[in-house]
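Hello,

Here is the structure we talked about handing over. My notes on it follow below.

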Amino acid sequence: MNVHVAGSDVETRTLAIVGELKRLEGPLLPILHEIQAEFGYVPQECLPVIARELNLSRAEVHGVVTFYHDYRDHPTGRHVLKLCRAEACQSMGGDAVAERIKALLGIDFHQTTKDGAVTLEPVYCLGLCSCAPAAMLDGEVHGRIDPDLAQELVAEARR
């Protein structure tokens with residue numbers, strides 16, 4: 001979900017999520033995952049709430065959010081296209097596929113198309129090394145990406 005809500009609503013929903021999950025052993029990662037599922041990213045105004053409720057410093061929470069590549073600090077497009085940038089994919093033509101997709105979308109990595117349809121993100125292994133180069137569109141993996149399949153993925157993401 002990619003929702004834009006007022007600050008007080010973010011705090012209220014964050015408190016509810018933390019309340020539901022803080023009794024877990026090591027609750028920070030599940031809380032961050034749930035917040036990102038709720039808002040589409042981890043809003044900055046969530047960090048002090050999480051820190052206070054878990055008795056952590058804001059720096060500790062910020063460090064976790066910035067360390068893990070799956071957490072976003074900004075809203076994404078309606079669709080997220082992830083391209084594998086690991087060595088196996090690069091050796092099988094991943095750089096050319098990435099350039100083709102960037103050209104088709106008119107954006108670079110970590111950017112969203114102007115119409116808000118697609119966010120392009122690099123990832124450093126999708127576990128499809130034998131089917132390189134690989135991509136993931138909205139959680140669905142695709143292997144053996146070539147220029148034609150790259151164009152199909154972009155067309156699907158633009159819908």
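**The sheet and the helix across it**

Helix α7, residues 147-158, lies across β1, β3, β4 (135-137) and β5, and runs at about 20° to β4. Please keep in mind that this is a predicted model.

The strands form an open sheet of 5, in the order β2-β3-β1-β4-β5, and the pairing is mixed. Because β2 (111-112) and β5 (140-142) each have a single partner strand, they stand at the edges, and one side of each is left without a neighbour in the sheet.

Strand β1 (residues 79-84) pairs with strand β3 (residues 118-123) in the parallel sense, over 6 bridges. Two of the residue pairings are as follows:

- His79 has Val118 in β3 as its bridge partner.
- Val80 has Thr119 in β3 as its bridge partner.

With β4, strand β1 runs antiparallel, and 3 bridges join the two. There, Leu83 stands opposite Ala135 of β4.

As for burial, β1 is mostly covered, with 6 of its 6 residues buried. His79, Leu81 and Leu83 point one way from the strand, whereas Val80, Lys82 and Cys84 point the other way; all are buried.

**Domains**

The domain assignment of the protein gives two entries: domain 1 covers 7-67 and domain 2 covers 79-158. The centres of domain 1 and domain 2, taken over C-alpha atoms, are separated by 29 Å.

**Aromatic pairs**

How many aromatic pairs does a search of the whole structure find? The search finds 2. In one of them, the ring centres of Phe67 and Tyr68 are 4.9 Å apart and the planes are at 90°, so this pair is edge-to-face. Tyr68 also forms an aromatic pair with Tyr71, again edge-to-face, with 6.2 Å centre to centre and 90° between the planes. Through these ring pairs, Phe67, Tyr68 and Tyr71 are linked into a cluster.

| Residue | Relative accessible area | State |
|---|---|---|
| Phe67 | 58% | exposed |
| Tyr68 | 36% | partly exposed |
| Tyr71 | 8% | buried |

Since buried means under 20% relative accessible area, Tyr71 at 8% is buried. Phe67, at 58%, is exposed, and Tyr68, at 36%, is partly exposed.

Regards

Methods: Residues are numbered from 1 along each chain as its sequence is written. This is a predicted model: local features need pLDDT of at least 70, side-chain atom pairs count only at pLDDT 80 or more; totals for chains, interfaces and linings use all residues. Side-chain values use heavy atoms; hydrogens and water are left out. Rings of Phe, Tyr and Trp (its six-membered ring) pair if their centres lie within 6.5 Å; planes under 30 degrees apart count as stacked, over 60 as edge-to-face and the rest as tilted. Buried means under 20% relative accessible area, exposed over 50%, partly exposed in between (1.4 Å probe, protein chains only). Domain bounds come from an automatic or database domain assignment. Two strands pair if DSSP finds at least two bridges between them. Helices (H or I, at least four residues) and strands (E, at least two) are DSSP runs, numbered from the N terminus. Contact means heavy atoms within 4.5 Å. Axes are lines fitted to C-alpha atoms, for helices over the stretch in contact, and angles run from 0 to 180 degrees between N-to-C directions.
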